[in-house]
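Please open the model in a viewer and keep the selection panel at hand.

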Amino acid sequence: MTNALEIKDLVKFYGKRQALNSISLTVPEGEFFGFLGPNGAGKTTTIHSITGLAKYQGGSIRVFGYDAVSDYRQTRALIGFVPQEFNFDPYLTAEQILYYEAGYFGVSKKEARRRAAQLLKQFDLYTHKELDYRKLSGGMKRRLLIARGLVHEPRVLILDEPTAGVDVDLRKKLWVLLRELNQQGMTIFLTTHYIEEAERLCKRIGVIHQGNIIALETTEKLIEQLGKHVITISLDRRFPEIPRELRQFGIELAEDGNTIRLTKNEVHLNELLKAIYAQGLNVTGIDTEKTNLEDIFLGLTKEK
Amino acid sequence: MNQFIGFRALLSREILRFTSVFKQTLFPPIISSFLFISIFGYFIGRNLTMAENTPYLTFLVPGLVMMYLIESSYQNTSTSLFIARWSGYIQELLVTPLSYVEMVLAMLLGSMVRSVVVSAGVFAVSLFFERTAIMHPWVVLYFMFFVSLTFSSVGLLAGLIAEEWEHISILTTFIMTPFIYFGGVFHSAQNIPHLFQVLMQFNPIFYMVNGMRYGMIGVSDVDFKISMIVVLVFFSVLFSVVVWMFSQGYKLKK
Ligand SMILES: Nc1ncnc2c1ncn2[C@@H]1O[C@H](COP(=O)(O)OP(=O)(O)OP(=O)(O)O)[C@@H](O)[C@H]1O
Ligand SMILES: [Mg+2]
């Protein structure tokens with residue numbers, strides 16, 4: 001299987017300021033990849049390097065095997081790009097924006113017209129097709145931006161925060177759409193600040209922080225490795241410290257003195273409960289909590 | 001993938017751009033050329049003759065045709081590219097598979113369409129005052145073609161370099177307009193003091209105006225073949241610079 005994206009040791013400076021610190025990252029064809037990181041981490045910079053909007057000082061980028069600099073025509077034809085900010089042609093209507101975009105990518109007039117109409121319908125923009133894009137609402141502009149990225153039928157779709165400022169309803173619709181595109185074989189590279197979104201959609205996740213990739217894993221593994229399973233047990237008595245008989249379980253005593261916390265140690269749960277009963281204690285409540293990607297993400301980016 | 005389709009799409013977008021704002025792009029030169037021709041050519045210049053006994057009106061028309069050709073070319077590309085940068089639309093173009101040469105050529109040709117339409121319009125206005133035949137049509141076409149490409153390239157440079165809208169109008173006011181006016185649009189080199197005659201020869205627009213004048217009425221202050229070479233040299237240099245800047249991503253890429 002070929003790789004849709006292959007980034008090797010990418011180094012990018014803005015003047016003297018280093019934005020990307022030799023990052024490497026591979027996205028196989030057909031994958032739904034999530035690219036996360038706090039504001040200013042370098043997500044947009046990475047994407048701009050791939051699409052040809054930023055020059056980079058070191059490393060290489062390959063798109064389906066083509067070099068993003070020397071074979072820029074091939075790589076650009078293969079990429080669909082949905083930028084973070086609106087960058088529409090100020091002289092065109094919604095329909096013309098799609099039609100001309102298709103043209104720039106070499107799609108014949110007739111086919112361009114057909115695709116523009118089809119995408120306008122698919123994105124609920126058909127009744128606004130004659131409008132100057134400035135007269136569209138924020139959500140409509142977002143939709144038009146995504147439609148524009150699809151009009152030349154790219155093999156990899158790169159989205160830079162496509163769901164920023166989008167209402168819940170539209171966000172859910174976009175999730176369905178992205179999932180569908182991915183199922184049809186399109187590789188998807190998604191940047192988002194909504195961790196829930198990444199958790200739901202992405203098969204693999206890369207986390208970038210201050211220009212370094214600090215995690216690169218399948219979503220499942222990321223949650224499994226770094227996620228915690230916390231079990232809180234409330235007891236019917238207060239303790240100044242953990243009773244000696246329970247210390248071997250590696251538990252924590254909460255400040256209130258009658259709740260104990262067990263982290264990750266699911267295997268010992270049964271033994272622990274037995275030991276508790278053996279002490280003549282009673283369990284008054286039990287609560288379990290699993291950390292989600294959001295906590296993991298916060299933990300990762302805070303430590304550094 | 002068909003590269004020609006992409007090029008044609010950008011070319012037609014460029015044409016659509018200036019036609020969609022035709023009140024700003026096509027009307028003003030037609031109206032002001034009408035004023036120039038009627039006031040200077042017809043009212044004032046009626047009893048005036050220039051070199052080789054040419055009536056002033058006849059002498060003025062080719063100058064005006066060239067002036068508006070130059071102005072429209074410069075304005076078209078500088079505005080188009082500046083707005084493309086300012087609105088972010090240029091980024092849409094830069095991620096398409098269009099090559100830099102194709103982008104530049106499509107913008108230049110789009111601009112040429114506008115300036116040819118404008119200069120034909122200026123000529124049409126002059127026909128209300130005087131019917132003139134064009135003496136050397138091929139020479140006229142040559143100058144229209146290359147001068148418009150040359151100043152469209154200048155416009156692209158301005159559109160690239162400008163950081164604010166003001167920079168474009170500053171260039172127009174302080175460089176373009178003086179060079180055009182001193183380039184012999186309204187007068188012959190033979191009517192002015194010697195010092196200015198010498199200075200004029202360093203003004204590339206002098207050759208362009210005179211080339212056009214030769215093509216239209218057969219009168220020129222300088223051999224039209226020299227004018228042809230000057231224009232070609234200017235165009236080649238500017239075109240190469242512009243394509244090079246695009247390929248380097250100067251002010252286009254971060
Ligand atoms: N044009 C530029 N000139 C100088 N520095 C820049 C430029 N663009 C980005 N940077 C800097 O590079 C770093 C990475 O920015 P980038 O836009 O890639 O972040 P991001 O991860 O996309 O953030 P966000 O989530 O806010 O969009 C930031 O420190 C930013 O200030
Ligand atoms: Mg960003």
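Begin by selecting the residues at which the two chains meet: 32 residues of chain B are in contact with 32 residues of chain A. In this predicted model, the two chains bury about 2900 Å² between them, with 58% of that area on carbon and sulfur atoms. Next, select B:Glu92, B:Val95 and B:Lys254, which supply 24% of the area that chain B buries against chain A, more than any other three residues.

Then display the charged pairs. Three salt bridges are counted between chain B and chain A. One of them joins A:Arg73 to B:Glu102, whose closest N and O atoms are 3.1 Å apart. Across the interface there are also 15 residue pairs in polar contact. Colour helices H1 (3-20), H4 (56-87), H5 (89-94) and H6 (100-126) of chain B; each gives two or more residues to the side that touches chain A. The largest share, eleven residues, comes from H1(B). By class, this side of chain B has 14 nonpolar, eleven polar and seven charged residues.

Now centre the view on ligand 1, which lies between chains A and B. Of the 15 residues around ligand 1, select those that come nearest: A:Asn39, A:Gly40, A:Lys43, A:Thr44 and A:Thr45. Helix H1 (43-51) and strand S2 (17-28) of chain A each supply at least two residues of the shell, and H1(A) gives the largest share, three residues.

Finally, show the side chains. Polar side-chain atoms of A:Thr44 and A:Thr45 lie 2.7 Å and 2.5 Å, respectively, from an oxygen atom of ligand 1. Taken alone, ligand 1 exposes 630 Å², of which the protein buries 67%.

Notes: Residues numbered from 1 in each chain as written. Chains lettered and ligands numbered in written order. Predicted model: local features only at pLDDT ≥ 70, side-chain atom pairs only at ≥ 80, totals over all residues. Heavy atoms only, no water. Near = heavy atom within 4 Å. Polar contact = N/O pair within 3.5 Å; in protein donor to acceptor, adjacent residues only side chain to side chain. Areas by Shrake-Rupley, 256 points an atom, 1.4 Å probe, with all protein chains shown as cover. Helix = DSSP H or I, 4+ residues; strand = E, 2+ residues; numbered from the N terminus. Contact = heavy atoms within 4.5 Å. Buried area = accessible area lost by both parts, 1.4 Å probe. Salt bridge = Lys/Arg side-chain N within 4 Å of Asp/Glu carboxyl O. Nonpolar A, V, L, I, M, F, W, Y, C, P; charged D, E, K, R; others polar.
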